Amino acid sequence: MLTKRIIPCLDVKDGRVVKGINFVNLRDEGDPVELADYYNREGADELVFLDITASFEKRDIMIDIVRETAARVFIPFTIGGGIRSIGDMRQLLLAGADKVSINSAAVKNPELITEGARKFGSQCIVVAVDAKRKGNNNWEVYINGGRKPVGKSVIEWIREAERLGAGEILLTSMDADGTKEGYDLELLSRAAEEVSKPVIASGGAGKPYHLRDALSKGQADAVLAASIFHEKEYSILQIKQYLAGQNIPVRILT
Amino acid sequence: MITVIDYGIGNLKSVVKAFEHLGVPVRLSSKPDDLFRSEGIVLPGVGAFGEGMNYLRKNNLDQVIIDFIHKGKPFLGICLGFQLLFSSSEEDKEISGLDLIKGEVKKFDTQIVKKVPHIGWNRVELVQDDPLFRDIVEPRFFYFVHSYFAQPEEEEVIIGKTTYGSYNFASVVRKDNIWGIQCHPEKSSDTGLAFLKNFSEVVNKWK
């Protein structure tokens, strides 16, 4: 039986993890590769690095991180943040990333999804969507790090993204993000019903039952979370044991 | 020395990196001489069936692979490299596969399973013992990413099976010195590394 994936997300700025784990016995807890290795050993099913580096010149640092991670950590990992072209994708995939996640660039230039899928395979192309609730059962797409609404319905956009060749949909609820009060389950289940590609839930995880709800009621295929792991409130193993006890299929290492 | 066939598509480096991490001598090459002189060959790859086969044929690598296998040396196909071992695929009906293992590669039907591709961690249930699974105990979780699955004609080649929805497909096969695995051992953490290590040990004992 296919298990549900638990995916820690690491924000990387200028080559350093921001909001990293504080309580782990690592040589350098700001080092993305060390943290990736740590999460792999803890049982993470995949990893996402979100590059929030602002300056263009420093972006090459990310390539080195990708290369090093690929040489040490043998689980799939995705790079997101600032990917604007096929060239950007190629560079990251060649360095060893398994997938790239595109957000604003895909909205501005949907052809990028098709072109990326054609060149590298749709399994490499994750379309990330920032969704903000707008009335009942309606969500609007935002871009530029959630600063700019684009007047597009989220449900319509993810259907289009799937048609264009997206391999997975990473769906962040901007309303839930940072609240630690749980994922937007209505958004997730609507999305899961609309597309035949996996939906990765993001935004709002604070308690283990939030992850359970996203995976059961929300019908998500995977859950992404940051602070719940980084702040060491729960380890990945603890969460997986909890989920297994709630009859959610997860990969637990023995 | 193990050679990972470089055939231009997919993320081939991860297989090489996994062997390097294990301290196994490995190279990435598409030169017939390199392939022929290897003790073991891995055919990895993600991408389309037709594109993969066309590339192999255009570069004469199909014949090199067949000759290598006829010499009786260990060969491992991963993901697309596994599917290419079969006779044909629904993905590109007019292009024949390597036909080293009889059978067809079929597409998951979205009427039967809701999500295609099959992405994520799933178990390999062994139906036969095999040296590549030595010391790999249950639950044998591997990372999968695929929209097509193989249906071997002969049941005896099946080493492991995986359940996805109501599908129960052959995820690992072996015929003499040819192994194939649908999932990605190079992305399956310690379990996958153990599998690749076992392959390198089979290669070592073979020579």
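## Helices α2 and α3 of chain A

In chain A, helix α2 (residues 60-72) and helix α3 (residues 86-95) pack with their axes 8 Å apart, at an angle of about 30°. Angles under 35 degrees count as roughly parallel, so α2(A) and α3(A) are roughly parallel to each other. Keep in mind that this is a predicted model.

Who does the touching here? On the α2(A) side, D60(A), I63(A), V66(A), R67(A) and A70(A) make the contact, and they meet Q91(A), L92(A) and A95(A) of α3(A). Sorted by class, the residues of this α2(A) and α3(A) contact come out as five nonpolar, one polar and two charged.

## Helices α8 and α10 of chain A

Further along chain A, helix α8 (residues 208-215) meets helix α10 (residues 236-245): their axes come within 10 Å and cross at roughly 50°. That angle makes α8(A) oblique to α10(A). As for handedness, the crossing of α8(A) and α10(A) is right-handed.

From α8(A), the contact draws on P208(A), Y209(A), L211(A), R212(A) and L215(A), while α10(A) brings I239(A), Y242(A) and L243(A). The class count for α8(A) with α10(A) is seven nonpolar residues, one charged and no polar ones.

## Helices α3 and α4 of chain B

Over in chain B, helix α3 (residues 49-58) and helix α4 (residues 61-70) have axes that come within 5 Å and cross at roughly 85°. Anything from 65 to 115 degrees counts as roughly perpendicular, and α3(B) and α4(B) are therefore roughly perpendicular to each other.

The contact is made by Y55(B), L56(B) and R57(B) from α3(B), with L61(B), D62(B) and I65(B) from α4(B). In class terms, α3(B) and α4(B) put four nonpolar and two charged residues into the contact, and no polar ones.

## Where chains A and B meet

Now for the interface. On the chain A side, 38 residues are in contact with 28 residues of chain B. Together the two chains bury about 2500 Å² between them, and 53% of that is on carbon and sulfur atoms. Three residues stand out on chain A: L2(A), F74(A) and R251(A) supply 28% of the area that chain A buries against chain B, more than any other three residues.

How many salt bridges cross the interface of chain A and chain B? The rule finds two. There is a salt bridge between the side chains of K187(B) and D98(A), with an N to O distance of 2.9 Å.

Methods: Residues are numbered from 1 along each chain as its sequence is written. Chains are lettered from A and ligands numbered from 1 in the order in which they are written. This is a predicted model: local features need pLDDT of at least 70, side-chain atom pairs count only at pLDDT 80 or more; totals for chains, interfaces and linings use all residues. Side-chain values use heavy atoms; hydrogens and water are left out. Axes are lines fitted to C-alpha atoms, for helices over the stretch in contact, and angles run from 0 to 180 degrees between N-to-C directions. Helices (H or I, at least four residues) and strands (E, at least two) are DSSP runs, numbered from the N terminus. Angles under 35 degrees count as roughly parallel, over 145 as roughly antiparallel, 65 to 115 as roughly perpendicular and the rest as oblique. A crossing is left-handed if the near helix is turned anticlockwise from the far one by less than a right angle, and right-handed if clockwise. Contact means heavy atoms within 4.5 Å. Ala, Val, Leu, Ile, Met, Phe, Trp, Tyr, Cys and Pro count as nonpolar, Asp, Glu, Lys and Arg as charged, and the others, Gly among them, as polar. Buried area is the accessible area (1.4 Å probe) that two parts lose on being put together, summed over both. A salt bridge is a side-chain nitrogen of Lys or Arg within 4 Å of a carboxyl oxygen of Asp or Glu.
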